[in-house]
Amino acid sequence: MLVHAIPTNVTYDFALDVRAGLTQPDQKELPSKYLYDDVGSALFEVISHLPEYGLTRADERLLRRHASEIVDRVAGPVSVAELGSGSGRKTRYLLEAFCRRQRTSYYPVEISHSALVMCERELSDIESISIVGFEREYLDGLLEVAAYRKPGHHLCVLFLGSTIGNFDRTAGIRFLSDVRNILKPGDSLLLGTDLEKPHSQLIRAYDDELGVTAAFNLNLLARANRELGSDFDLSKFVHTAKVNPEARSVEMHLESTCRQTVDIPASEIKVEFAAGETIWTESSHKYSADEIDGIARRAGFRCEVQWIDEQWPFAENLLIAE
Ligand SMILES: C[S@@+](CC[C@H](N)C(=O)[O-])C[C@H]1O[C@@H](n2cnc3c(N)ncnc32)[C@H](O)[C@@H]1O
């Protein structure tokens, strides 16, 4: 796979974002994208196999069952871009179906280098595929993919695994509008959305018994220690997951177990934590199947078809750019 590497200074951006997030007057927070360094991407892959985290299996069941129908509904000839591909394991079903129809270019867009490497290892054996990875933020990568568009080709963008849920609802619609503005009428977006379910089931999914999600979350502090020279004592923070009923989301936090001060040299700050104070690290918003068409329309798409997994309520939505 040809990989276009990231041109910006990631560590510098990380230092600035840590400074901005940990000096907020009220709730301290860190952007969830920093969860995905090499260690975080490997841990996320394990999470996707956990019995409590049914989301990835639901997404995979829908893609396996409906791959041919999805591909039949996407106008061709087409190139496929995937935003935040991760390992790309479940994308195989779609790509095999696309490649049965025509030789297909696949462009995974990822900020995690190790996820891109996993993705190539996972998918490069598919017949008639060419893979070019972009180690980029979602929209920067998609802009470059669009610049590669061959004359007469449509783009099909995949945004799977309910990663849209990491944005709050307003930011999610803004993000989908930004995606739409890079596309042309008739292009498509396959959007995976996790649906609302009982709170106890959600808490188990984001705070598993083995502690893999806790390790995934705590790795953010370990990453700051590795890359920013900070002195977070991981034994003095615990992972917590809680449902936010107004936002219809599950939030992950890192809670300080005592009063403490952390030095973060690269961000040029010392941060005070009270006992019980938290850093908010990720939100995963949940949806009702009925609201997706409205969200799609506000972003400049129409929802052409929706497939729902009943075992773990999850919707795969095929949106067409208007
Ligand atoms: C929740 S995981 C989902 C992975 C995969 N799509 C799946 O469904 O299992 C989100 C993925 O998006 C990537 N990611 C997160 N923020 C990103 C950003 N701003 N730009 C590009 N990739 C990002 C992460 O590295 C991670 O692999």
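The bend at a residue is the angle between axes fitted to the seven residues ending there and the seven starting there. The exercises below concern a predicted model.

**Exercise 1.** Determine where helix 3 is kinked and which elements its buried residues pack against.

*Solution.* Step 1: helix 3 spans residues 55–73, and its kink is centred on His66, with a bend of about 70 degrees. Step 2: His66 is itself among the buried residues of helix 3, which also include Leu55, Leu62, Leu63, Ile70 and Val71. Charged side chains occur in that buried set too, including Asp59, Glu60 and Arg61. Step 3: the packing partners of these buried residues are helix 4 (91–101), helix 8 (199–206), strand 7 (188–194), strand 13 (301–309) and strand 14 (314–321).

**Exercise 2.** Characterise the packing of helix 1 with helix 9 by angle, handedness and residue class.

*Solution.* Step 1: the axes of helix 1 (residues 10–22) and helix 9 (residues 212–228) come within 11 Å and cross at roughly 120 degrees. Step 2: this angle makes helix 1 oblique to helix 9. Step 3: the crossing is left-handed. Step 4: helix 1 contributes Val10, Thr11, Phe14, Ala15 and Val18, which meet Leu220, Arg223, Ala224, Glu227 and Leu228 of helix 9. By class, the contact comprises seven nonpolar, one polar and two charged residues.

Notes. Residues are numbered from 1 along each chain as its sequence is written. This is a predicted model: local features need pLDDT of at least 70, side-chain atom pairs count only at pLDDT 80 or more; totals for chains, interfaces and linings use all residues. Side-chain values use heavy atoms; hydrogens and water are left out. Axes are lines fitted to C-alpha atoms, for helices over the stretch in contact, and angles run from 0 to 180 degrees between N-to-C directions. Helices (H or I, at least four residues) and strands (E, at least two) are DSSP runs, numbered from the N terminus. Angles under 35 degrees count as roughly parallel, over 145 as roughly antiparallel, 65 to 115 as roughly perpendicular and the rest as oblique. A crossing is left-handed if the near helix is turned anticlockwise from the far one by less than a right angle, and right-handed if clockwise. Contact means heavy atoms within 4.5 Å. Buried means under 20% relative accessible area, exposed over 50%, partly exposed in between (1.4 Å probe, protein chains only).
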